[in-house]
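Here is a note for a colleague who is opening this structure for the first time. Please keep the view at hand while reading the numbered points.

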Amino acid sequence: MELYIFDRAQGLQDIVDNATSIRWRRKYFEPGEVEIHVPASKEYMDLLQEKRIIRRIDRREAAIIEQVEVVGNDLAITGRMLSAILSNAILSKCYTLRMAPERAMKALIVEGTRVVPELSAAAVTGLPGDAVNLQATYKNLLTVETRLARTSGLGFLVEFAGPGEMIFDVYAGKDRSVKQTDRPRVIFSDEFGNLTAPRYTKTSVDYKNRAYVGGQGEGADRVMVLVDHVEAGEDVREIFVDAKDIQVEEGMTEAEYKALLQQRGIDKLAECRKVESFEGDGENVENFEYMKDWDLGDIVTVEYTRLGITMDERVTEVEEVFEAGVATYTPVFGSPLPEKLEFGDDTE
């Protein structure tokens with residue numbers, strides 16, 4: 001496999017075509033990771049420097065080198081996908097967003113451009129998703145983008161288009177589960193031999209269904225809203241949400257402010273939902289070819305036939321490993337924990 005090594009300002013430096021091992025781990029909701037081993041030499045020490053970009057012609061994602069280590073007779077090069085550069089920026093002002101998630105995610109990239117001038121956002125394409133209603137300030141840009149992605153079901157990446165040009169983009173996986181009829185169905189199952197190490201979780205230990213959300217003010221004058229998701233016949237489980245960080249902006253109506261508080265309560269309850277999740281490692285088989293029949297971000301059907309469990313889960317990661325001329329692709333489905341959208345006091 002050929003790896004193209006770029007300097008961010010000066011362009012292509014050279015091509016690596018004799019790596020002894022390549023681990024290219026793609027992730028849907030956050031930056032993926034890479035680990036590359038090459039023979040130790042001064043030539044490679046000079047070429048594979050920190051902050052240089054690694055590109056493959058067969059993937060949209062590029063990676064940025066973050067660490068170089070000598071391991072025996074090898075150089076071990078590690079880093080993350082280029083979207084990791086979003087962690088260099090914070091939101092330098094208060095953002096109040098009421099728009100589709102794709103538009104919101106791209107609107108925030110102006111903060112990334114502030115610290116990485118070559119970064120820009122791709123044009124909005126109109127990806128589906130429930131409208132975002134949030135307010136955030138002085139939060140890490142990557143943290144906010146990751147949480148918006150998780151709650152909206154959208155993935156994101158940063159492409160390296162050449163010296164002086166990086167493009168942030170948002171994309172959506174396709175539904176290939178057995179419940180849909182628009183495209184061929186994809187099934188990973190222990191019975192088919194293309195699913196290993198299945199892990200099933202079902203719990204309501206952290207479940208809450210009613211939130212009292214407190215905004216600005218003190219005592220009896222504090223603005224409060226109630227978010228009630230109690231279903232018929234179930235026990236009430238309440239939680240209080242402190243949302244004083246949400247501010248009333250000039251021109252904002254009381255209804256608009258309460259809508260922000262309402263959204264915060266909805267997001268908190270989403271963290272405290274009942275969990276029924278299936279996580280497992282898949283193995284590529286001829287019946288379902290990687291990047292043709294299924295890809296990162298797609299929703300597929302996973303089955304654990306021994307226990308009679310069938311669920312539709314998103315492919316949240318794909319680990320590609322290339323060693324000794326052999327390529328293996330391992331998808332990971334779903335997550336055992338609820339996805340979160342939290343914009344409290346953390347600045348991670």
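This is a predicted model: local features need pLDDT of at least 70, side-chain atom pairs count only at pLDDT 80 or more; totals for chains, interfaces and linings use all residues.

1. A polar contact, as the term is used in this note, is a pair of N or O atoms within 3.5 Å; within protein, one must be able to donate a hydrogen and the other to accept it, and residues adjacent in sequence count only if both atoms are side-chain atoms. The side chain of N194 makes such a contact with the backbone nitrogen of S189, at 2.7 Å, and a polar atom of the N194 side chain also lies 3.2 Å from the backbone oxygen of I187.

2. Residues are numbered from 1 along each chain as its sequence is written, and side-chain values use heavy atoms, with hydrogens and water left out.

3. On the overall fold, the protein chain holds 5 helices and 21 strands, where helices (H or I, at least four residues) and strands (E, at least two) are DSSP runs numbered from the N terminus. The radius of gyration, taken over C-alpha atoms, is 23 Å for the protein chain, which agrees with the value near 20 Å that a compact globule of 348 residues would have, the globule rule being 2.2 Å times the number of residues to the power 0.38. Along its principal axes the C-alpha trace spans about 70 × 55 × 40 Å.

4. Of the 348 residues, 47% are buried, a term that means under 20% relative accessible area, with exposed meaning over 50% and partly exposed lying in between (1.4 Å probe, protein chains only). Among contacts (heavy atoms within 4.5 Å) between residues at least 6 apart in sequence, 66% join residues at least 24 apart.

5. To return to N194, this residue sits in the loop between β13 (187–189) and β14, and it counts as buried because its relative accessibility is 1%. Leaving aside neighbours within four places in sequence, N194 is in contact with I187, F188, S189, D281, G282, E283, V285 and F288.

6. T203 lies in strand β14 (residues 195–203) and, at 31% relative accessibility, counts as partly exposed. A polar atom of the T203 side chain lies 3.1 Å from the backbone nitrogen of V205. Beyond the neighbours within four places in sequence, T203 is in contact with K274 and V275, and its C-alpha atom is separated by 6.7 Å from that of E276, 73 residues apart along the chain.

7. Helix α4 (residues 141–152) has 12 residues and reaches 16 Å from its first C-alpha to its last, close to the 16 Å expected at 1.5 Å a residue, the expected span being 1.5 Å times one less than the number of residues. N140 caps the N-terminal end of α4, with a side-chain oxygen 3.0 Å from the backbone nitrogen of L142, and just after the helix G153 takes a positive phi of about 75°.

8. How much of α4 is covered? The helix is mostly covered, with 9 of its 12 residues buried, and the cover over them includes α2 (101–107), α3 (109–115), β10 (132–136), β11 (155–162) and β12 (165–171).

9. Strands β1 (residues 3–7) and β2 (residues 11–16) pair in the antiparallel sense over 5 bridges, pairing being called if DSSP finds at least two bridges between two strands. A hairpin joins β1 to β2 through 3 residues, and I5 has D14 in β2 as its bridge partner.
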